[in-house]
Amino acid sequence: MILRDLGAPEAHIGGAPRRHRCRPTRLLMILLAAGCAGGSLLYTALTGFVEPHAALAFGVLVAVGELARITLPGQRQVAPIASAGAIGYTFLLDIGGDAAHHSAWQVMAVVALGFAVGELPHIAVGRPPQWGGLARRMLIIVVLSLVFRYAVQALPAPPPPEGGWWPVLVVMIVLVFGGWLTDAVIAAAIRAERIRTRLAVALHDELRAQFGLGMAIGSSGILISLASTVTGLAGLLVFTAPLLVTQVAFRRFAEIRLTYLQTVRALSRVTEVGGYVETGHSRRVTRLATAIGSELSMRESELLELEYAALMHDIGQLSLRDPIASGATVLASPREQRRIAELGSAVIRETGALDGVAELVRRQCEPCAGDGDAGPPPLGSRIIRVANAFDDLVGESTDTDRTNAVLERLRMDSGVEYDPEVVEAAVRVLGRPADARG
Amino acid sequence: MRALPGAARLFVGIVVLCAVGVVAAGPYDGIDPATLVLLAVLFVVAESMGTVMGKTGISPSSSASLAAVVLVGPVGAALVDLVSWLLVFRRQSLVKRAFNGAQFAIAAYAAGHTFVALGGDIGVPGRADFPLVVAPFVAALLVHTLVNTLLMGGLMWCLGVIRLQPRRFRWRPLVTLELSSIGYGVLGLLIAAIWGVVGAFAIVLVLLPMFTARWAFDQYIAEQRAHDATLATLCQAVETKDYYTRGHCMRVSKGSGMIARELGMNAERVQTIRYAGMLHDVGKLGVPTKVLQKSGKLTEEEYAAIQLHPMRGYEIVREIGFLDEALAGIMHHHERMDGRGYPMGLAGTDIPEFARIISVADAFDCMTSTRSYRRARSTEEAIAELRRCAGPQFDPKMVDALIAAVDRDGWEAHEAVDPPEDDTAEVAQQDHDDPSVPLRVAGEAER
């Protein structure tokens, strides 16, 4: 069960995959990782592997872990067991009483081989890895192994077991924290580039998303290396068990998150099937709204709420006796629009789990200064308003003239009806070539 | 806990006395007091943290308890367990604490003696002990779990929560609980193994991934609940178009689940069919309201529009990945065993199993609910009607399963609604789900 990858690709925050866009940071990371892997393999092949049994055991662990990689929400591919195994091999100083002498280069070589072997079956069945993620997993080991293998020799006390474990343990813990931070920065750089958001926002998202699993991986890595001193290599299997449970838990969470999104997406289409709105309307609005959201540096959690709200923004129409002509709410009277928003919001609120989403839907048709005493509507509502108006007026058309004409009309109304900042973000998003657009 | 029955009071009293006796009797030679204190502190922290973070009912205490068995032996472990439970930060009555502590203490005591009897050495295991120490440890683990379960079961029995009826007893939750408890127990050996290297820090290293896992499981459960609530709400929103069919999807979901469980399907499939039952009529939204609410005979076109709704439903939900098998159930829920159903006219076992289940639950709920053109039937009448239609329309196996399940668990029919006062509410004049009053189509005999 653990070896099965998530079938469908995760929801793209920010739209269709963009294969052709050059993403220099990601490319740089991949080249760097590949260089380290290749170089270390060559060096180790020339100088020979020391303690081949340990190398083999950890290599297998890394390979199996990589084979069992999972995809967390937000398209984050992780391989907790592979990473923990790699960290364990990095920190390995003693195997069942015999000191381990492998160099940092051998660590990199073994880990790189393990990754490669673990990825082969995935590639064979047409599921190539996220190369950026794989590069990150490799680079973190490069950093950790280079620092650790030299730091241990530099420690004032002799290496364990004679010198005692505490100084080494402190070094390990510091390194794990440092490694986790470095990893988050690299991941944030790649992610900011992908969904076009600010680096600080992406870093915040990464730190949040990776904290729990990062700690679990780090502590398991330390555990594996320490346990090997007592139990030898046989303990390797047993000591990955806690992490295995962790991985299963995260996997199930990722699955249900994906299912949730699929359910909301599918049910957002009932309005289309019922003839209330044009086919594909909800999805196009959602795609544009999330792209604008990224452009305006919304956080991941806010983007998810925005995505749900945009998908369900027309759900209130279900309560209407007869569909509005071609479903274009932008053409309906403001009172009618307000009523649809209220009805939809009431439906969503009833789930008891999506209050934030309900609020976005409720205020989606207020003018950008807001009405009444409640102040301006939340950013998400203002974005949905612009995206919805744009799609109602343009529809499926990809004609540039029409797009520009509609954007011009939205601009004229901005400041009163539409938030100028959101309209400008929409102009930027829609101005990109189609394959780079959110 | 206030009104504890006499039997339970006696039981708790005996267990606590035994535990105190064991702890008081000693002997305490050769037990390192520092290790004892550390273990107790860490036990308390682990158990308290576990309670703060998790709601799933699995507690990490058995790992600390078993680590204590290896490190400080039977008496030491019993003492650690008994004292720790009294200190755990948790809102719990003194009686519960005392019983839990005593229960764990006795289990640890028994496990400790098993460990020693099979040749395990008390104290931090060294390199030479592996892998031989594993056998006595596993035996100790099993004894620990067994004693724990027996004591808990005894209390439950005294409280009258469970009766000795093996057939009706639901084993699955118990087995899951025991397995996870054994899993935590295995961690006890891991903690003991690296205790010699890093001391008490071992517990942090071992339990950190477990806490993370628990946190993720809690997230998963919360998300699952949110998903189910959202699904139900959206399905009901689709139904608001017709006053009388409110709650229909929920009840079909429930009925389908009852049939599936009666047929002995596993939990995952039961869950899937519940989703399918929930979603089975989503496609009705594609049928114009005036057709659904028409009072007279339907024209051929209108009947065709109604026949389309399973396909429409399928189109809407086919992208929901987890539904798999349920998709076929939604698409074919109006097929008939004799092949005269729609949309494909499948017959017999060509009709997917899920579809045969949903179609029975669907018809049953329709008949036991009030419609504008007739009152709700009683459960007995509906069952008689189902029996009458079993064979040509419904799969008799599914009908029998539903009847058996309803006989046992009862059926909460839609409460009888009076026709709405105001004439604004929309009311259908016939129902495509109703087997007893088939749709009337112009120019044809009734179907």
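**Exercises on a two-chain model**

In chain A, 8 residues of domain 1 touch 5 residues of domain 2, where contact means that the C-beta atoms, placed from the backbone, lie within 7 Å. This is a predicted model, where local features need pLDDT of at least 70, side-chain atom pairs count only at pLDDT 80 or more, and totals for chains, interfaces and linings use all residues. Residues are numbered from 1 along each chain as its sequence is written, with chains lettered from A and ligands numbered from 1 in the order in which they are written.

**Exercise 1.** Find the domains of chain A and describe the side of domain 1 that touches domain 2.

Step one: domain 1 covers 24-258 and domain 2 covers 270-436, with bounds from an automatic or database domain assignment.
Step two: their centres, taken over C-alpha atoms, are 43 Å apart.
Step three: on the domain 1 side, H7(A) supplies the largest share, 3 residues. Helices here are DSSP runs (H or I, at least four residues), numbered from the N terminus.
Step four: sort that side by class, and you get 2 nonpolar, 3 polar and 3 charged residues. Ala, Val, Leu, Ile, Met, Phe, Trp, Tyr, Cys and Pro count as nonpolar, Asp, Glu, Lys and Arg as charged, and the others, Gly among them, as polar.

**Exercise 2.** Work out which helix of chain A gives the most to the side that touches chain B.

Step one: 54 residues of chain A are in contact with 47 residues of chain B.
Step two: the elements giving two or more residues to the chain A side are H7 (199-231), H8 (235-239), H9 (241-268) and H10 (270-273).
Step three: H9(A) comes out on top, with 19 residues.
Step four: by class, the chain A side has 33 nonpolar, 16 polar and 5 charged residues.

**Exercise 3.** Describe how H14(B) and H16(B) cross, and what their contact is made of.

Step one: the axes of H14 (residues 353-367) and H16 (residues 396-409), both of chain B, come within 9 Å and cross at roughly 50°. The axes are lines fitted to C-alpha atoms over the stretch in contact, with angles from 0 to 180 degrees between N-to-C directions.
Step two: that makes the pair oblique; under 35 degrees would be roughly parallel, over 145 roughly antiparallel, 65 to 115 roughly perpendicular, and the rest is oblique.
Step three: the contact involves B:Arg356, B:Ile357, B:Val360, B:Ala361 and B:Phe364 of H14(B), plus B:Met398, B:Val399 and B:Leu402 of H16(B).
Step four: these split into 7 nonpolar, no polar and 1 charged.

How values were computed: Left-handed = near helix turned anticlockwise from the far one by under 90°. Contact = placed C-beta atoms within 7 Å.
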